[in-house]
Amino acid sequence: MDEKDHADGVRLTARERAALAEIEKGLLQDHEPDHEPAPRRRSGGRRLPIAVVLMLICSVVLAVVGITTSQAALLWCFAVVWPLTVLQLVRLLGRWIRATGPFTPWF
């Protein structure tokens, strides 16, 4: 008899111990990864600030040229690019806030 059998006060037959060992072996294999997980990359990385700057420049150029020439196509392009630019600015601001530390409310 094994010490494991006496620890709980339960005695197992040889067949039950073999079945239990098989189950434990299967469970251990489930928890062992087959391959190393790939390291997580930060989405955007250094590209997000560059993309935001380029989108801001593009938005300003589209707005100025669209207003001065009064071409509807340029104004519609601005109408599409501007909300995307603001969304990316919010993402960049959120990343910056998370990187600077815990948020403490002012009130």
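Helix α4 (residues 72-100) has 29 residues, which at 1.5 Å a residue should span 42 Å, and its end C-alpha atoms are 42 Å apart, in agreement. The expected span is 1.5 Å times one less than the number of residues in the helix. This is a predicted model, in which local features need pLDDT of at least 70 and side-chain atom pairs count only at pLDDT 80 or more, while totals for chains, interfaces and linings use all residues. Residues are numbered from 1 along each chain as its sequence is written, and side-chain values use heavy atoms, with hydrogens and water left out.

**Overall make-up**

- The chain has 4 helices and 0 strands, in the order α-α-α-α along the sequence.
- Helices (H or I, at least four residues) and strands (E, at least two) are DSSP runs, numbered from the N terminus.
- Of the 107 residues in the chain, 11% are buried; buried means under 20% relative accessible area, exposed over 50%, and partly exposed in between (1.4 Å probe, protein chains only).
- The chain has an accessible surface of about 9700 Å², and carbon and sulfur atoms account for 66% of that surface. Areas come from the Shrake-Rupley method with a 1.4 Å probe, and for residues only the protein chains shown count as cover.
- Among contacts (heavy atoms within 4.5 Å) with a separation of 6 or more, 51% join residues 24 or more positions apart.

**Confidence**

- Mean pLDDT for the chain is 82, with 74% of residues at 70 or more; pLDDT is the predictor's confidence in each residue, from 0 to 100.
- Where pLDDT is low, predicted coordinates should not be read in detail.

**Helix α4 and its packing against α3**

- Val-81, Thr-85, Gln-88 and Arg-95 are the buried residues named in α4.
- The partner of the buried α4 residues is α3 (47-69), against which they pack.
- Val-53 belongs to helix α3 and is partly exposed, at 45% relative accessible area.
- Between Val-53 and Gln-88 there are 9.9 Å in space, C-alpha to C-alpha, and 35 residues in sequence.
- Gly-101 follows α4 and has a positive phi, near 130 degrees.

**Aromatic pair**

- Rings of Phe, Tyr and Trp (its six-membered ring) pair if their centres lie within 6.5 Å; planes under 30 degrees apart count as stacked, over 60 as edge-to-face and the rest as tilted.
- The count by this rule is 1 aromatic pair.
- Phe-78 and Trp-82 form a stacked pair, with 6.1 Å centre to centre and 20 degrees between the planes.
- Both residues, Phe-78 and Trp-82, lie in helix α4, 4 residues apart, or about one turn of the helix.
- An α-helix has 3.6 residues a turn, so residues three or four places apart point the same way.
- Phe-78 is partly exposed at 25% relative accessible area, and Trp-82 is partly exposed at 37%.

**Cysteines**

- The structure has 0 disulfides, a disulfide being a pair of cysteine sulfur atoms within 2.5 Å.
- For Cys-58 the closest cysteine sulfur is that of Cys-77, at 8.2 Å, which is too far for a bond.
- Cys-58 is partly exposed, with 35% relative accessible area, and Cys-77 is partly exposed at 38%.
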